[in-house]
Amino acid sequence: MSHRLIKKELQSAFSNPGKVIIMKYFNIKNREHKVSFREALTKSISSDKGLYMPAVIPVFEKDFFDRMPEMDFCEIAYEVSAKFIGDEIPLTDLKKICDEAFNFPVILRKLDDRKYVLELFHGPTAAFKDFGARFMSQCFRYFAGMNEKKTVVLVATSGDTGGAIANSFLGIEGVDVVILYPSGKVSAVQEQQLTTQGQNIYALEVKGTFDDCQAMVKSAFTRFDTQGKVSLTSANSINIARLIPQSFYYYFAVSRMKDFLPAISVPCGNFGNITGAMLAWKTGLNIGRFIVSTNINRVVPDYLRSGSYIPRKSILTIANAMDVGDPSNFDRMTELFDNNLGNINSMVSGYWYDDDLIRRHIGEVYRKYGYILDPHGSVASMGLDDYLAKNRNSAGLFVETAHPAKFCDIVEPVIGKHIAVPDSLKILPESVKNSVLVEPEYNSLEDYLKNKYL
Ligand SMILES: *Cc1c(COP(=O)(O)O)cnc(C)c1O
């Protein structure tokens, strides 16, 4: 179904608040297969492994864009989510979801006349994953009241995602979270975030790699028989309830850059963050250009040049949250451009950088602006610079996705200065690690789940 055909009808529905709208999501592998927001939230992915997308991308009315500069972040989040979710969650509940989820600042800073930075690391785990994780957990909390069974969320993590999920789902009724992480391969702060929460958050320390953790979780979805006692779900980055909130801060930022048609440079790994920006653009938000900035895991910048998408094994870098060789949101991104390379290239540029350049640029930006980048933000900042150098009349923003203190062992030697650590990243001496050490095999996860839930 074409997005354009139904835009008009939907637009009039939005300006006519009496009309009930149920937003549907379609499976991009099978367009006829449509589900509700609740089903897309709880299933995450269809049984044929298709990603869900809004069946209709509403074009927002001009009045909304006119009012935006006066609205605060939570007000923008609330209005945008209402348009994407429709009447499945009553507006008063949606307002509560947004207020609970986004109880931390979003900051747009000006570095110079053409260059802004959008700081997304002021949440409780100091990375932008907090936006998606917190919105999703609040949606689960809302629907949990209607479920008879407990929901068990399984997450495999290399560090950051698990921390954001653990923090966001702590104390959410009707939901347990079981996190699998590779033993000895996460930082001390990350391990603290994963293993010391207590309550409904459980950690399995796997004697293996992140890939082992992910394989165990994947097997559980196909092999574990819940006997109808619990429902099993995942909180990975492809969940639509993580994608939608990743559009909110682009509305916020663009509304604060009124006089520009900004280029937006995003440090990309699984391409969820930039897909959020593209979704916002489809609704009518003024964005001049998307800049895909990556580390040497460069499959998408290569695709933009050659037109062929060739997934590879991921390579380790110092911007490690972007070490992805086959981005899970790639199909969503191309879908938003009707799977047409010409359309994509008319709006998207791509650049990639190696570790030496990432380090060097952290130093350059510190000396030029006194601003401290983390390695991921460094990649995005370089992407914006390279684009602006070729487009002299443009201005733009780059996205800073993590607090530099999370990567102090890389950043401090470059800038020759100690970085103050935010409270949320401090190691608390009194916190007690609570995790179960398991073999890197599916059977050990199955035994754990059986003992706990059957
Ligand atoms: C996850 C992450 C990214 C990559 O985001 P995607 O949505 O996967 O493209 C970039 N920076 C940081 C700090 C992250 O945690």
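The structure is a predicted model, in which local features need pLDDT of at least 70, side-chain atom pairs count only at pLDDT 80 or more, and totals for chains, interfaces and linings use all residues. Residues are numbered from 1 along each chain as its sequence is written, and side-chain values use heavy atoms, with hydrogens and water left out.

Confidence is given by pLDDT, the predictor's confidence in each residue, from 0 to 100. The protein has a mean pLDDT of 91. Of its residues, 95% reach 70 or more. Residues 1-20 stay under 50. For this stretch the model has 27 contacts beyond four places in sequence. Contact means heavy atoms within 4.5 Å.

Helices and strands are DSSP runs, numbered from the N terminus (helices: H or I, at least four residues; strands: E, at least two). Two strands pair if DSSP finds at least two bridges between them. An open sheet is built from three strands in the order S2-S1-S3. Its pairing is antiparallel. Strand S2 (30-36) and strand S3 (52-54) are the edge strands, and each pairs on one side only. From one strand to the next, the twist averages 40°. Strand S1 (residues 24-27) is joined to S2 by four bridges, in the antiparallel sense. Among the facing residues, lysine 24 stands opposite serine 36 in S2. Tyrosine 25 has valine 35 in S2 as its bridge partner. S1 and S2 form a hairpin, with two residues between them. S1 also pairs with S3, again antiparallel, over three bridges. There, asparagine 27 stands opposite tyrosine 52 in S3.

Another open sheet has six strands in the order S4-S5-S13-S10-S11-S12. Its pairing is mixed. Strand S4 (107-112) and strand S12 (348-352) stand at the edges with a single partner strand each, so one side of each has no neighbour in the sheet. The twist from one strand to the next averages 25°. S4 and strand S5 (residues 115-119) run antiparallel and are joined by five bridges. Arginine 109 has valine 117 in S5 as its bridge partner. In a regular strand the side chains alternate between the two faces of the sheet.

Axes are lines fitted to C-alpha atoms, for helices over the stretch in contact, and angles run from 0 to 180 degrees between N-to-C directions. Helix H12 (residues 272-282) lies across S10, strand S11 (289-294), S12 and S13. H12 runs at about 175° to S11.

Two packed helices are described by the angle between their axes and the distance between the axes. Angles under 35 degrees count as roughly parallel, over 145 as roughly antiparallel, 65 to 115 as roughly perpendicular and the rest as oblique. The axes of helix H6 (residues 129-144) and helix H7 (residues 160-169) come within 9 Å and cross at roughly 40°. This crossing of H6 and H7 is right-handed. A crossing is left-handed if the near helix is turned anticlockwise from the far one by less than a right angle, and right-handed if clockwise. Contact residues include Ala133, Met136 and Phe140 of H6 and Ala164, Ile165 and Phe169 of H7. The contact of H6 with H7 has six nonpolar, four polar and three charged residues. Ala, Val, Leu, Ile, Met, Phe, Trp, Tyr, Cys and Pro count as nonpolar, Asp, Glu, Lys and Arg as charged, and the others, Gly among them, as polar.

Helix H9 (residues 210-223) and helix H19 (residues 442-453) have axes that come within 9 Å and cross at roughly 60°. H9 is therefore oblique to H19. Their crossing is right-handed. Met216, Val217, Ser219, Ala220 and Arg223 in H9 meet Tyr442, Asn443, Ser444, Leu445 and Glu446 in H19. This contact has five nonpolar, three polar and two charged residues.

For helix H16 (residues 355-369) and helix H17 (residues 375-390), the axes come within 9 Å and cross at roughly 80°. H16 is therefore roughly perpendicular to H17. The residues that meet include Leu357, Ile358 and His361 in H16 and Pro375, Val379 and Met382 in H17. Seven nonpolar, three polar and one charged residue make up the contact of H16 with H17.
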